[in-house]
Amino acid sequence: MSSAQEVSLQVTQESTEPELMETGATLSKTSDDSENVEFVWKVHGFPALGTGIVRSDKFKAGDFNWRVLLYPRGCKGQGDQVSVLLELSQEDIDMTSGWPVFVKCYFGVFNHTGQKITIYKQYRHQFSPNSTDWGFGSFASYNVVCDPANGFLCDDALTVIAKVQIYADFSIFDSKEEISLVGLKNQGATCYLNSLLQTLYHIPYFRRAVYHMPMENISSTRIPLALQHLFYNMQSSNDSVSTTELTESFGWSIYDTYQQRDVQEFNRILCNKLEETMKGTSVEGTIQKLFEGHLRNCIECIGMDYKSTNQERFYDLQLDVRGCMDVYSSLDKYIQVEKLEGDNQYKVENVGFQDARKETRFADFPPILQLHLKRFEYDNTRNLLAKINDRYEFPLELDLDKDDGRYLSSDADRSVRNLYSLYSVLVHSGGANAGHYYAFIRPLLSERWYKFNDECVTRQSLETVLDEQYGGEEEISQKKVGDNETVSFPRHSSAYMLVYVRESDKDTIMCKLDDEDIIELLKENDRKQREREEVHFLRNIKENDWKQRDREEVDILKKIKDTMEEQENYLKQRHRKEVSPYTNIKVVCDTHLQTQIGKDVIFDLVDFDKVNTINFKNSMPLSQIKDHFAKEFFIPTNCQRIWIWSKRKNNTWRPRKALTSVDEVLTIGDLKHYSGGSEVRLFLEKQNVQEEQITFSPSAIAREVILLFFKLYDPNEKGLRYIGKQHVKQDSRPMEDLDKFKEMAGLETGEEVVLNEERSFIPKVQCVQVNILKTYKENELQDGDIICLQRSVMEDDKDELHSIEKYFHHVKYYKDVHFRKLDNPEKDVACLELNTLITYDELVRVLVSHLKLDDLSKIRFTPHNVFTEQPGDQPIKRLSVESLKEMLLYHNQMSNILYYEILDMPLSELEKLKVIKVSFYNSKVQEVSSNTITLHHECTVNDVMGHIREKVEMSDQQAELRILQIIGHKIWKILSPNDKIKYMVSQHATFRSQCVTFRAEEIPEEERSKGPEDCVIHVHHFRQDQNNNIENFGEPFLFLTRSGETLGQLKQRVKKKLQVPDHQFSEFKFASVHLSQPAYLNDDDDVNLFKRQAIYGPWEFYLGLQHDDIV
């Protein structure tokens, strides 16, 4: 079985309760000459299936017959997981031709609410006579599937959809003959393992070291030996290779292969094992030589002369993604100075705790640099692990010597050139709890990239490797209402681990393997079988030992469980007696039903929020409660019958158990325990002692008599009301009581009525007609059920609300929506009763028709902010919502107001445009003009600069322009002319709390003609508050510094540029600012310490001008 990504598939339905074929298959052909079969299988009685296996009927795809296998409780006895597999029919296995069969399979379960299919997974697999079934051991949670609120079951039937795509031309997947590379088989959830192994295998120096590891003691070298065999098979095999021998050497069972692990953690464990095995051999130190780097930590006390340094090694670096735009900004954050103060003070021996500064730099970098991106973090607010899908860029070439080696410690060896080339990108696709790993690798650091996705190896473009793995958002084409548009969605696949190789070590690491490198392994082939038998023997002994331990552990766990249950029962009893002396009780009687049903309540019986709460002591017996009820509700104690409400699986509350005279010894605390909640809900029934002939003994209630509630629906009045309740015998028929029901409703004896039982309102409306010729028991009626009498309507008088089910549907989905103009948000233009399931385009047609407007294509809606009672900040994207219901939601709060505007162009064209505001500044850092530019979102920054040239007066028409991104009064980035404008704002979403602007300016002549030793620096204005915290303000700018220039000389040029009067400029202080810490400069200081150009990020050096806000 395969571990694959979970995909959310949006399905638009024409109706709210879509119909689907019972069981069957449909065939189609795709553009790549593959055969696509969709098989629909309706599994009846799903909740009662138990732990066995259920097989579907056969269906044909390609030249083979297939079945879907369903394990309601998991194929490995998980119990809480549903397993789904695709199986090749047994009679086809003996065929000698047609192998292998490459299949792409999608599994989904149908949602009967008409909403999105929220469980949908896919995988690819190469079927063969030795691999005839494949799928998902953990396809979906059993409880999620069975929960009625989720809509996956209809009448206890589960509809499974399987889409099987058979590739007729196998050559569309690159073979060993074409690219000399093979994939690795997925054992269940070993995609992370496969990705890492492919990365290690394609490092020839590492592979040679593995081949040369001596295997003298097999009991201690099972893992290295298995890795040797695996690498040799990957080098010599023509088909995808199994990793079973390797995982068995880890001591894993089949259960372990279905548990996805963290690739970083596994990499460290594997390397540590290999490092241990290589000790004392000819390849000792290989792991350290390839992957080991060193950090230099320095802690310096602030209030005393004390400094401590230490060095630590690393095999990989964990880099932050949150709040960082690329690898460089993450590394800047990594070396950010940390203040040790407050509760985090540094303890100095024989002195005590002191305020200090901790600084980390790199003593050296390894030849192979492994960067693990922190894509996962724990969300404390939601109490779960969350994935960070922010856009995060990584370069093809990584220069760690940039800016005079700012990442290196002062004593680092500067003779080593730390320039790295990207070798491998490991990608995680999916969410925090489920996903899939695959790798992009360029063997031997060639120009050609390959995607290693388990068994499938394909060539890939550089754009796929870089841009598409940055995360962030992507544009997806969707077909809706006959046209083809694009809409932005978050990318669920993004780089998780980056591997770089140092250019100066490339020839050594990517060495050529000679035949003698593997000849030792070939000599060992004769001994392989004996070694495997010995390993198998040892494993059997170990497994028997494990089984014995498992039996002992089961006994121990059972004893612990029994003890815990005893403790829990004791605590519950003590809680009932001691902890809470009072209990809240809500008592419902017929008066509540009469006043609420038809007004506050349509479906079900009562709104408990509108029922008063009464406080009783837990020790009060039921007999005393009856005395209180007699005074409160004016019902004599001998006419009271008390019922306990219970919540059903369909989220309805119904009276379930009548308390008898036997129960009068019970206390309020007992009723609270029986109810299972913090509040006790009771129904108080007034019985007529003279007329009531039914004896309510516990057995009678259980077997003979049920309590039913009755409503009347009048299609002519479009209204519903409560008409009473009745006790009926289960073995009687509704036909016998029909006249009594009509009398309760005030209807004539001869009038025709239809009886319907209210079944469910959520997730779907369901009413079932009662067969009056069958008994109540045969109609499956029980205590608390609701029967709706529906007056008959002449055929000619029938309308859309002629039945109670239609009426319930209308109440649930229809809503009065108030429409207002966006430019006049206080005044209603129209109020329409609308189905909240209609689409954006259907809503446009309704509104245009009502307002008698001309053009459907130019209407755009904006949501209502329920918190400010004003229009929302952003309009609603047409293709981002499924229904009117979603349009009315604002941060999970439902509104009944929508704003509309009439555009100057069709909405479909407008949503492809990007509106950008760019201010043009002169050489004095003064704003000359503000320009709003509208371009297609695929245009580039170069196109924006072209529009700027047309709108502003340039000092020289040949002058070059540049556009700066300013965030929080700091230059964040100098945009590349080739950057697409669709990323100009969204890629820095984490900094929206600060002011984000774009500035266009001419590049000064002095910068264009600068010398090789000159550099352009960032200059920012700042002030300090009373706590000495830096606050930036004003307009930052770029400034050229000349070789050998002192601060005194630079000051005069800054003064001339800003044109600040002498008396004000004399108050300016100049400082080198790094990590919000200013280091003040003297006039004779050399300013060449600023060796940076086109550098951006919140942790950069800049030249700070400290002064009051006067410029």
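Two strands are said to pair if DSSP finds at least two bridges between them. This idea is needed for the first view of the structure, which is a predicted model.

**View 1. Strands β54 and β56 run side by side in the antiparallel sense.** Strand β54, made of residues 1069-1074, pairs with strand β56, made of residues 1102-1106, over five bridges. Within this pairing, A1071 stands opposite G1104, a residue of β56.

**View 2. Five strands make up an open sheet with mixed pairing.** Read across the sheet, the order of the strands is β53-β52-β56-β54-β55. The edges are formed by β53 (1030-1041) and β55 (1077-1080), each of which pairs on one side only. On average, and with direction ignored, neighbouring strands of this sheet are turned by 35° against each other. Helix α26, which covers residues 1047-1058, lies across β52 (1015-1024), β53, β54 and β56, and the helix runs at about 105° to β53.

**View 3. F206 sits in the largest nonpolar core of the protein.** This core has 56 residues, and those with the most contacts inside it are F206 and F231. When residues up to four places away in sequence are not counted, F206 touches L200, F231, L274, I287, L290 and F291. A second, separate core has 37 residues, including V43, L86, L88 and A140.

**View 4. F206 and F291 form one of the 36 aromatic pairs that the structure holds.** The centres of the two rings are 6.3 Å apart and their planes stand at 65°, so the pair is edge-to-face, given that planes over 60 degrees apart are counted in this way. The pair links distant parts of the chain, because F206 belongs to helix α4 (residues 204-211) and F291 to helix α8 (residues 286-291), 85 residues apart. F206 has a relative accessibility of 0% and therefore counts as buried, and F291 is likewise buried, with a relative accessible area of 1%.

**View 5. The rings of F683 and F709 form an edge-to-face pair.** Their centres lie 5.4 Å apart, and their planes are at 75°. Because F683 lies in strand β34 (residues 679-686) and F709 in strand β35 (residues 705-714), the pair ties together parts that are 26 residues apart in sequence. Both F683 and F709 are buried.

**View 6. Ring pairs link several aromatic residues into a cluster.** The members of this cluster are F603, Y713, F761, Y807 and F808.

How values were computed. Residues numbered from 1 in each chain as written. Predicted model: local features only at pLDDT ≥ 70, side-chain atom pairs only at ≥ 80, totals over all residues. Heavy atoms only, no water. Core = buried A, V, L, I, M, F, W, Y, C linked by side-chain atoms within 4.5 Å. Buried < 20%, exposed > 50% of the residue type's maximum accessible area, 1.4 Å probe, protein only. Contact = heavy atoms within 4.5 Å. Helix = DSSP H or I, 4+ residues; strand = E, 2+ residues; numbered from the N terminus. Axes fitted to C-alpha atoms, helices over the stretch in contact; angles between N-to-C directions. Phe/Tyr/Trp six-rings, centres within 6.5 Å; stacked < 30°, edge-to-face > 60°.
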